Amino acid sequence: MVSKEFTIKNKMGLHMRPANVFVTEMTKFSSDVNIIFDGKSINGKSIMNIMAACIKCGSEIKIVCSGVDEAEMLESASSLIESGFGEE
């Protein structure tokens with residue numbers, strides 16, 4: 001299991017488009033991914049769960065990946081989040 005903490009910097013947070021980008025990228029991997037936010041664990045491959053979490057700009061999250069390709073998955077998630085999901 002690997003993990004990393006992030007601060008969401010998208011002005012609109014994880015709304016529909018960045019949530020979709022994240023889920024689309026994460027489903028390319030066989031490992032599991034969870035977003036830890038506000039004391040809850042959210043399935044990072046479920047757009048509905050991500051949107052229901054209401055992750056806003058400035059929110060502190062932790063990405064936890066576990067499985068055979070966990071390192072590559074975390075690197076991909078890190079790139080997406082740090083790039084602002086292509087919105088910044």
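The legends below describe close-up views of a predicted model. Local features are given where pLDDT is at least 70, side-chain atom pairs count only at pLDDT 80 or more, and totals for chains, interfaces and linings use all residues. Residues are numbered from 1 along each chain as its sequence is written, and side-chain values use heavy atoms, with hydrogens and water left out.

**View 1. The largest nonpolar core.** This core has 24 residues. A nonpolar core is a set of buried Ala, Val, Leu, Ile, Met, Phe, Trp, Tyr and Cys residues joined through side-chain atoms within 4.5 Å. Buried means under 20% relative accessible area, exposed means over 50%, and partly exposed lies in between (1.4 Å probe, protein chains only). Phe 22, Ile 55, Ile 61 and Ile 63 have the most contacts inside the core. Two or more residues each come from α1 (16-26), β2 (32-37), β4 (60-66) and α3 (70-82). The largest share, five residues, is that of α3. Helices (H or I, at least four residues) and strands (E, at least two) are DSSP runs, numbered from the N terminus.

View 2. Contact means heavy atoms within 4.5 Å. Leaving aside residues up to four places away in sequence, Ile 61 touches Lys 4, Glu 5, Phe 6, Ile 8, Ile 35, Ile 36, Phe 37, Ile 55 and Ile 81. Ser 59 is found in the loop between α2 (47-52) and β4. Ser 59 counts as buried because its relative accessibility is 11%. With the residues up to four places away in sequence again not counted, Ser 59 touches Phe 6, Thr 7, Ile 8 and Phe 37.

**View 3. Helix α1.** The buried residues here are Pro 18, Ala 19, Phe 22, Val 23 and Met 26. They cover an arc of only 135° around the axis, so they lie on the same side of α1. The arc is that of the directions from the helix axis to the C-beta atoms. The buried residues of α1 pack against β2, α2, β4 and α3.

**View 4. Helix α3.** The 13 residues of α3 should span 18 Å at 1.5 Å a residue, and the end C-alpha atoms are 18 Å apart, which agrees. The expected span is 1.5 Å times one less than the number of residues in the helix. Glu 70, Met 73, Leu 74, Ser 76, Ala 77, Ser 78, Leu 80 and Ile 81 are the buried residues of α3. They pack against β1 (2-7), α1, β2 and β4. Just after α3, Gly 84 has a positive phi of about 70°.

**View 5. Salt bridges.** The structure holds two salt bridges, each a side-chain nitrogen of Lys or Arg within 4 Å of a carboxyl oxygen of Asp or Glu. One joins the side chains of Glu 82 and Lys 4 (3.3 Å, N to O). Glu 82 is in helix α3 and Lys 4 in strand β1, so this pair ties together parts that are 78 residues apart in sequence. Glu 82 is partly exposed at 42% relative accessibility, and Lys 4 is partly exposed at 34%. In the other, the side chains of Glu 25 and Lys 28 meet (3.0 Å, N to O). Glu 25 is partly exposed, with a relative accessible area of 22%, whereas Lys 28 is exposed at 60%.

**View 6. Cysteines.** A disulfide is a pair of cysteine sulfur atoms within 2.5 Å, and by this rule the count is zero. The cysteine sulfur nearest to that of Cys 57 belongs to Cys 54 and is 14 Å away. Cys 57 is partly exposed, with a relative accessible area of 42%, whereas Cys 65 is buried at 0% relative accessibility.
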